[in-house]
Amino acid sequence: MQSIDSFEQLSAQHYENFPVALWILPKAWRKTIRLIYAFARQADDIADEGNCTPEERLAQLDFFSKQLSLIQQQIETKKVSDDLTPFFKALCDCIDTHQLPLAPFFDLITAFRQDVVKSSYETWDELLSYCAHSANPIGVLLLSLAKQNTKDNIQAANAVCTALQLLNFWQDVVSDHTIRKRCYIPLEEQRKQGFAKKHGLLDKRYGVAYRNLIEAQLDKTRQILDMGAQLPNRLQGSFGLQIRMVVTCAYRVLLRLRQRKNYYERPTLQRYDWFIICIHTAYHGLMHWFKRQNPFNRLKGSPCL
């Protein structure tokens, strides 16, 4: 088991289009978010990276699950467990301090186990069910950390998190297919564009069909993202600004996925993109703040509410 510091450094070792923990958040939150991310990142690597057999990967994920069970037992009994590793001890302290739910952590393990044993999805509903375990738990944990985990907020966050997960899939189609022998594009969607076993998904002779296939998935993803786009307006303080940046970033990645000339290449956000994201986030954040400060908006029956 790696040290706590090496786990927290994982966020710097993996390229991400989406911001993880920003300096604008309270220091105690940043540490907890890094630990949550490190947990998810390490478990994800167990499922995907290296040369382990499926049985070895599942055994390592079982170890993570057992550590979570020990955390649950320690929190419930208030008795310190000597069997927790240093990383999980730190994670336990954060979970206990901030009263975070443990179910989302177990959901993440469920998703990573699925990655080990499942390489394709038949329908969009099946894929969305996977996202409910692999992505949505992060939103629940962040909302719980901020004490803003209302039913409506969680519903909107689920849409945002699912869209983020899907955008990562559409960025990594080639690497998933060639390296991990996995494809998240539902088979029913592939068949709509004429893809079948007789020719490969990445056969560039069928580039137009592949482009149409990806565009169709981006259309569906945009609809899901739109369902959660108002989440930042419901959140308070710096946390709302953080989530506003994440949502803005998601729309920017969606744009880059559509604008790329080569649909077989993964787009990356450049300095110009991040400049636009920051300006957009700051502008709309300020506009929303001024709107909330307007006394007329607080009048009963105001159409601005």
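Start by selecting α8 and everything around it: the buried residues of α8 pack against α3, α5, α6 (103–117), α7 (124–134), α9 (151–171) and α14 (237–259). The model on screen is a predicted one.

**Helix α8**

Colour residues 136–145, which form α8, by accessibility. Nine of the 10 residues in this helix are buried, so α8 is mostly covered under the cut-off of 20% relative accessible area. The buried set consists of Asn136, Pro137, Gly139, Val140, Leu141, Leu142, Leu143, Ser144 and Leu145.

**The whole chain**

Zoom out for a moment. The protein chain has 15 helices and zero strands. It has 305 residues, of which 48% count as buried. Among contacts in the chain with a separation of 6 or more, 70% are between residues 24 or more positions apart.

**Helices α3 and α5**

Next, select α3 (residues 27–48) together with α5 (residues 86–98). Their axes come within 10 Å and cross at roughly 130°. That angle makes α3 oblique to α5. The handedness of this crossing is left-handed. To see the contact, show side chains for Ala28, Trp29, Thr32, Leu35, Ala38 and Phe39 on the α3 side, and for Phe87, Phe88, Ala90, Leu91, Cys94 and His98 on the α5 side. Sorted by class, the contact of α3 with α5 holds 10 nonpolar residues, two polar ones and no charged ones.

The spacing along each helix can be followed by eye: an α-helix has 3.6 residues a turn, so residues three or four places apart point the same way.

**Helices α7 and α9**

The axes of α7 and α9 are 9 Å apart and the packing angle is about 110°. These two helices are therefore roughly perpendicular to each other. The crossing of α7 past α9 is right-handed. Which residues meet here? From α7, select Trp124, Leu127, Leu128, Tyr130, Cys131 and Ser134; from α9, select Thr162, Gln165, Leu166, Phe169 and Trp170. The contact of α7 with α9 divides into eight nonpolar and three polar residues, with no charged ones.

Lys147 is not a glycine, yet its phi is positive, at about 60°. For context, most residues other than glycine have a negative phi.

Then go to Lys78, in the loop between α4 (54–77) and α5. Lys78 also has a positive phi, near 65°, and is not a glycine. Is Lys78 buried or exposed? Its relative accessibility is 62%, and Lys78 therefore counts as exposed, the cut-off being over 50%.

**Asp273**

The last stop is Asp273, in helix α15 (residues 271–293). Asp273 has a relative accessible area of 2% and so is buried. Show the side chains of Arg252 and Arg256 as well. The side chain of Asp273 makes a polar contact with the side chain of Arg252 at 2.9 Å, and another with the side chain of Arg256 at 2.7 Å. Leaving out residues up to four places away in sequence, Asp273 touches Arg252, Arg256 and Thr268.

Notes. Residues numbered from 1 in each chain as written. Predicted model: local features only at pLDDT ≥ 70, side-chain atom pairs only at ≥ 80, totals over all residues. Heavy atoms only, no water. Axes fitted to C-alpha atoms, helices over the stretch in contact; angles between N-to-C directions. Helix = DSSP H or I, 4+ residues; strand = E, 2+ residues; numbered from the N terminus. Parallel < 35°, antiparallel > 145°, perpendicular 65-115°, else oblique. Left-handed = near helix turned anticlockwise from the far one by under 90°. Contact = heavy atoms within 4.5 Å. Nonpolar A, V, L, I, M, F, W, Y, C, P; charged D, E, K, R; others polar. Buried < 20%, exposed > 50% of the residue type's maximum accessible area, 1.4 Å probe, protein only. Polar contact = N/O pair within 3.5 Å; in protein donor to acceptor, adjacent residues only side chain to side chain.
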